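Please look through the sequence and the model below before reading on.

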Amino acid sequence: MSVEIFDKVKKVLEDIESAVPKSQEEVEQFRIKYVGSKNVIKPLFGEIRHIPNELKKEFGQLVNTVKQSAETKFKTLKETIEAESENTEARQIDLTAPGEPVALGSRHPISTTMNRIIDIFTRIGFVVAEDREIEDDWHNFTAMNTPEDHPARDMQDTFYLMNSAEMLLRTHTSSVQARVMTSQKPPIRIIAPGRVYRNETVSARSHCQFHQVEGLYIDENVSFADMKQTLLYFAQEMYGPDTKIRLRPSYFPFTEPSAEMDVYWGLKDETDYRITKGTGWLEVLGCGMVDPAVLSNCGIDPDRYTGFAFGMGIERQAMLLYRISDIRLLFENDVRFLNQFKSTL
Ligand code: PHE
């Protein structure tokens with residue numbers, strides 16, 4: 001009798017040790033069977049009554065071992081199954097969850113200003129023309145009627161490419177005029193935005209790289225009055241419908257006559273006095289009637305065609321528009337600066 005009951009207890013121990021419950025369900029069954037309030041080990045303690053006295057101690061120890069073994073095993077099983085379910089939870093993807101927002105960047109103030117200018121001119125039929133920043137001497141200077149001894153050709157102003165007297169970084173977008181005139185036939189109506197380079201000391205007011213927008217209009221009977229009206233339209237679109245302009249005589253090698261256009265900015269506060277030098281007028285662009293010599297340099301008959309051209313710096317306009325006091329900010333790409341333009345288009 002007592003041998004049998006000993007075997008029965010040992011069998012329970014073997015069952016516990018060899019059990020391999022895998023799912024949560026099987027672990028739960030293991031718990032009910034060996035650890036729960038109605039487990040199979042409890043009644044074994046009651047059997048001690050039928051054990052002969054000399055074996056009672058041994059039997060008691062054996063049943064205790066079984067109990068402990070069941071509890072330890074259940075504890076480990078529970079821990080493993082919990083860790084697993086945590087893992088699967090993490091791997092589950094909720095397809096109904098709202099998407100993560102993509103942080104929007106901002107457009108650079110130079111781009112927004114340039115796009116605004118382009119937009120104004122494309123509305124009256126100008127087409128964007130872009131060309132190279134590394135230019136040859138002919139397109140940048142010679143074709144543009146800039147004589148060999150002109151100060152603008154001085155090595156101090158122009159970045160020449162290493163070991164080359166011929167190749168340079170364009171000093172103005174007027175080089176695009178030459179590119180377009182030598183490859184297209186009139187009527188020509190283009191707007192050429194782009195980056196230009198000059199060998200200048202970098203300061204709050206000037207930089208060795210900046211942006212320009214060039215305009216060129218060539219057809220039969222294009223007059224100075226056409227130019228003035230076009231530029232007035234531009235100024236009023238750019239600075240408001242009541243904007244006044246004035247053209248001051250000036251000089252450029254590639255235009256004759258040449259002028260500089262001022263817009264009336266006003267004298268509302270101290271800054272206005274400073275930026276307009278007390279006059280209320282602000283210089284915005286250079287312009288003029290295309291010099292006949294430029295037309296013939298580029299293969300266009302100056303007896304048949306006339307035209308006007310203009311060129312303006314973008315940085316200056318962006319600085320006025322957004323009240324930026326240091327041109328260097330526009331080239332440093334400091335996000336603390338750029339983030340301030342998030343709402344501009
Ligand atoms: N290229 C001139 C400059 O860089 C601007 C300009 C362009 C003037 C076209 C007249 C006509 O200052």
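A nonpolar core is a set of buried Ala, Val, Leu, Ile, Met, Phe, Trp, Tyr and Cys residues joined through side-chain atoms within 4.5 Å, where buried means under 20% relative accessible area, exposed over 50%, and partly exposed in between, with a 1.4 Å probe and protein chains only. This is a predicted model, in which local features need pLDDT of at least 70 and side-chain atom pairs count only at pLDDT 80 or more, while totals for chains, interfaces and linings use all residues. Residues are numbered from 1 along each chain as its sequence is written, and side-chain values use heavy atoms, with hydrogens and water left out.

The largest nonpolar core has 41 residues, and the members that touch the most others are Phe234, Met261, Leu285 and Phe310. If contact is taken as heavy atoms within 4.5 Å, and residues up to four places away in sequence are not counted, Phe310 touches Phe121, Ile191, Val213, Glu214, Gly215, Leu231, Leu285, Gly286 and Cys287. There is also a second, separate core of 21 residues, which includes Leu13, Tyr34, Val63 and Phe74.

The domain assignment, whose bounds come from an automatic or database source, gives domain 1 as 2-89 and domain 2 as 114-341. The C-alpha centres of these two domains lie 92 Å apart, and the C-alpha atoms of the protein fill a box of roughly 135 × 50 × 40 Å along the principal axes. The radius of gyration, taken over C-alpha atoms, is compared with a globule rule of 2.2 Å times the number of residues to the power 0.38; a compact globule of 345 residues would come near 20 Å, but the protein has 43 Å. Of the 345 residues, 42% count as buried.

Helices (H or I, at least four residues) and strands (E, at least two) are DSSP runs numbered from the N terminus, and the protein has 13 helices and nine strands. Two strands are said to pair if DSSP finds at least two bridges between them. Seven strands form an open sheet in the order 1-4-5-9-8-7-6, with mixed pairing, and its edge strands are strand 1 and strand 6 (245-252), each of which pairs on one side only.

Within this sheet, strand 1 (residues 127-128) and strand 4 run parallel and are joined by two bridges, with Val127 standing opposite Ile190 in strand 4. Strand 4 and strand 5 (residues 209-219), by contrast, run antiparallel and are joined by ten bridges, and Arg189 has Tyr217 in strand 5 as its bridge partner. Strand 4 (residues 188-197) has eight of its ten residues buried, so it is largely enclosed by the rest of the structure. Further along the sheet, eight bridges join strand 7 (residues 255-264) to strand 8 (residues 281-290) in an antiparallel arrangement, and Asp262 has Glu283 in strand 8 as its bridge partner.

What surrounds helix 7? Eight of the eight residues of this helix (residues 174-181) are buried, so helix 7 is largely enclosed by the rest of the structure. Its buried residues pack against strand 2 (134-136), helix 6 (137-142), strand 4, strand 5, helix 10 (292-297) and strand 9 (306-313). Helix 6 contains Asp137, which counts as buried at 8% relative accessibility. Residues up to four places away in sequence aside, Asp137 touches Thr142, Arg153, Tyr160, Ala165, Glu166 and Leu168.
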